Amino acid sequence: MPLSNIEKHYNKHPEDKRLLRRHGIVEFETTLHHLHRFLKPGARVLDIGAGTGRYTSALMAEGYEVKAVELVRRNIEVFLKREPTADVVQGDARNMPFLPTAWADVTLLLGPLYHLIGDEEKIKALNEAKRVTKPGGVIFVAYLMNEYSILSYCFDEERIGGLLERGAVDKHFHIQAQPDELYDYVRLEDIDRLDQGAGLERITIFSPDGASDYMRTRLNRMSEETFAHFIEYQKSISERADLIGAGSHVVDVVSVVDNGTSMD
């Protein structure tokens, strides 16, 4: 995916605002809920693909040492306006020579794999996250889910027929992203394959948003009390195997067994 296409997208759809909307708040609060299970006092956190720094800011406020890496210059500018003391650099998740090996206790990879098309590019980012994370450390890896796109765009926007005809969606209704497209979508079996290819071991996998992306207008109509209950509901059911794959995102929580790479 060319950088210019990613920059155009985030200039038009600011990430900072997305996480302040109710469906984004569900995702943010549920992810933090799971992060806190693995964060220990004094932990070092690396936020790769930090966007405008919402997770970095929250973790800095809790006293953690956080380094952030972000590809898009505009996101960094927004980030530093809100958090001028943040340690953030511009960089590509696939190659971060400026970061020392085995630096982080917990590494966040909560966006880059959306935009990396195909297994080879994704495994480059996973291997680099593995390199900069301590043995025994934890990596949070976010993915965009195939079924959300199939239901919300291909069917809801009546595009499925044309996409099937030209092979953009295969006969099993799996999206086949091309190298110049903005997003790549996966199923759980794809994530399993990527973990194996990068030599990563799953601790848990959860849906940070569940049905919230499908329920945006309903979430906006909820009272504050009901919305607070919805957030607690999502936290409660976020690891249910029967619900994980249908949300718009999943987060795969994996451990670093060693710091070698398993794929060139």
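Mentor: Helices H3 and H12 cross in a right-handed manner.

Trainee: What makes a crossing right-handed?

Mentor: The near helix is turned clockwise from the far one by less than a right angle; anticlockwise counts as left-handed. The model is predicted: local features need pLDDT of at least 70 and side-chain atom pairs pLDDT 80 or more, while totals for chains, interfaces and linings use all residues. Residues are numbered from 1 along each chain as its sequence is written, and side-chain values use heavy atoms, without hydrogens and water.

Trainee: Why are H3 and H12 called oblique to each other?

Mentor: The axes of H3 and H12 (residues 224-237) cross at roughly 45° and come within 9 Å. Under 35 degrees would be roughly parallel, over 145 roughly antiparallel and 65 to 115 roughly perpendicular; the rest is oblique. H3 and H12 are therefore oblique. Axes are lines fitted to C-alpha atoms, for helices over the stretch in contact, with angles from 0 to 180 degrees between N-to-C directions. Helices (H or I, at least four residues) and strands (E, at least two) are DSSP runs, numbered from the N terminus.

Trainee: Which residues of H3 and H12 meet?

Mentor: Among them are Ile-25 and Val-26 in H3, and Phe-227 and Phe-230 in H12; contact means heavy atoms within 4.5 Å.

Trainee: What makes H3 oblique to H4?

Mentor: The axes of H3 (residues 22-35) and H4 (residues 54-61) come within 12 Å and cross at roughly 45°. That makes H3 oblique to H4, and this crossing is right-handed.

Trainee: How many aromatic pairs does the structure hold?

Mentor: There are eight aromatic pairs.

Trainee: Why is the pair of Phe-140 and Phe-206 called edge-to-face?

Mentor: Their ring centres are 6.2 Å apart and their planes stand at 70°, so the pair is edge-to-face. Rings of Phe, Tyr and Trp (its six-membered ring) pair if their centres lie within 6.5 Å; planes under 30 degrees apart are stacked, over 60 edge-to-face and the rest tilted.

Trainee: How do you know whether Phe-140 and Phe-206 are buried or exposed?

Mentor: Buried means under 20% relative accessible area, exposed over 50%, and partly exposed in between (1.4 Å probe, protein chains only). Phe-140 has 0%, so Phe-140 is buried; Phe-206, also at 0%, counts as buried.

Trainee: Why is the pair of Tyr-183 and Tyr-185 called tilted?

Mentor: The planes of Tyr-183 and Tyr-185 lie at 55°, with centres 6.2 Å apart, so the pair is tilted. Tyr-183 is partly exposed because its relative accessibility is 24%, whereas Tyr-185 is buried at 12%.
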